[in-house]
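Subject: Structure handover

Hello,

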Amino acid sequence: MKAVRFHAHGGTDVLQYEDAPDPQVHAGHVCIRVAACALNHLDLWQRRGLDRVRLPMPHISGADISGTIAEVGADVAGLTVGQRVMLQPGVSCGRCEKCLSGRDFLCRSYDVLGYQSAGGYAELVVVPAANVIPIPDHIDFISAAAFPLTFLTAWHMLYGGGGLTSASTVLVVAAGSGVGQAAVQIAKAARARVITTARGADKCARALALGADHVVDSTTEDVAKRVKTLTDGRGVDIVIEHVGVATWDASVCSLTTGGRLVTCGATTGYDATLDLRHLFARQLTFVGSYMGAKQELLQAADGLFRGWFAPVIDQTFPLAEARAAHERLESGAQFGKIVLTSTI
């Protein structure tokens, strides 16, 4: 098969479009002929190298995958060759207490496709049958690939971490990101009031088109002050934070008394600070969030299938042009998801 691999960490030049061995299908697994694979910031970090993490080399990244079933392994029921599917990006043992209680994202062996296993930057990928989610005919492969990781993450942050209700006022940081555009749509589908941030007039207009009630241009406005003005000095109940140091202080200051900040990432740096007086005097809650349960992805996917929300696609690239796709994501110019296409 053809695949995009890197044999050492570095810049985009380490990404090589090359021949790779076809993966072997084991019992309980299926082989997927990849149609599309969406990029995530995790792909960039893998390529550059992560502290104290050793990746299998040569490495194939890619957690967000859609395609058709090419081969079904032994002991797999209910799945057939040719079936159109997307994949749950989280991999767990399926046997431990956490998995059996529906909290598979807390499994001690939890992994993400394309991290310690081969991912979707390839024509073929083998995954556990439990990770396969059939998709209806009206859902295209590009949307199906762009959906799972960010919508699962946003769903778990909003409901599992933030306690989202229709009475909530939510600040979503960076509407143009994968998690940001998902969070705006999910929160609006719940009839919450949504404030979001974006950089520049064009991205602000696109954020409003997603359904946000208010958009703060973070290049020209003081985010926390604008949020307080929009909420008559009260602040928001939930902040969806994933940018890190660059936005952390404004996110904390935007919370109302008793508010909850939920974070899943730190793309601009992790060394944030916190004035503990804000924490106890305002009775704030800070929640770390990583991925989510498969059941939550199925709940979110029902909204996709019903047309309640859909991933925003920024740009698509052929698999062979993965370097250009990485450069686009690194530039920060994108609004929505960047997707590699293979055999659509």
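This is a predicted model: local features need pLDDT of at least 70, side-chain atom pairs count only at pLDDT 80 or more; totals for chains, interfaces and linings use all residues.

Residues are numbered from 1 along each chain as its sequence is written, and side-chain values use heavy atoms, with hydrogens and water left out.

Salt bridges

Side chains of opposite charge can pair when their charged atoms come close. A salt bridge is counted here when a side-chain nitrogen of Lys or Arg is within 4 Å of a carboxyl oxygen of Asp or Glu. The count by this rule is 11 salt bridges.

One of them joins Arg 5 and Glu 18, with 2.7 Å between the closest N and O atoms. Arg 5 is in strand 1 (residues 2–5) and Glu 18 is in strand 2 (residues 16–19), so the pair ties together parts that lie 13 residues apart in sequence. Helices (H or I, at least four residues) and strands (E, at least two) are DSSP runs, numbered from the N terminus. For accessibility, buried means under 20% relative accessible area, exposed means over 50%, and partly exposed is in between, with a 1.4 Å probe and protein chains only. Arg 5 is buried at 13% relative accessibility, and Glu 18 is buried at 18%.

Another salt bridge is formed by Glu 330 and Arg 48, whose closest N and O atoms are 3.0 Å apart. This pair links distant parts of the chain: Glu 330 belongs to helix 11 (residues 322–331) and Arg 48 to helix 1 (residues 41–48), 282 residues apart. Glu 330 is partly exposed, at 33% relative accessibility, and Arg 48 is partly exposed, at 43%. A network of salt bridges links Arg 47, Arg 48 and Glu 330.

Asp 213 and Lys 188 also form a salt bridge, with their closest N and O atoms 3.0 Å apart. Asp 213 sits in the loop between helix 6 (201–210) and strand 12 (214–217), and Lys 188 sits in helix 5 (residues 178–189), so the pair ties together parts 25 residues apart in sequence. Asp 213 is partly exposed, with a relative accessible area of 33%; Lys 188 is partly exposed, at 27%.

Helix 4

Helix 4 (residues 148–161) has 14 residues and spans 18 Å from its first C-alpha to its last, close to the 20 Å expected at 1.5 Å a residue. That expected span is 1.5 Å times one less than the number of residues in the helix. Gly 163 follows helix 4 and has a positive phi, near 65°.

Second largest pocket

A pocket is found on a 1 Å grid over the protein atoms alone, as an open set of points with protein on both sides within 12 Å along at least five of seven lines; the 1.4 Å probe fits but cannot get out in a cavity, and lining residues have an atom within 4 Å of a point. Grid points are joined across faces, edges and corners, and a volume is the space filled by probe spheres set on the points. The second largest pocket holds about 370 Å³ of space. Its lining has 22 residues, of which Pro 23, Ser 117, Ala 118, Gly 119 and Val 126 lie nearest the centre of the pocket. Strand 8 (residues 124–128) gives the most to this lining, with 5 residues.

Cysteines

A disulfide is a pair of cysteine sulfur atoms within 2.5 Å. The structure holds 0 disulfides. For Cys 31, the closest cysteine sulfur is that of Cys 37, 14 Å away and too far for a bond. Cys 31 is buried, with a relative accessible area of 5%, and Cys 37 is buried at 1%.

Backbone

The peptide bond from Met 57 to Pro 58 is cis, with omega near -10°. Pro 58 is in the loop between helix 1 and strand 4 (64–72). Arg 52 is found in the loop between helix 1 and strand 4; its phi is positive, near 60°, in a residue other than glycine. Arg 52 is exposed, at 84% relative accessible area.

Regards
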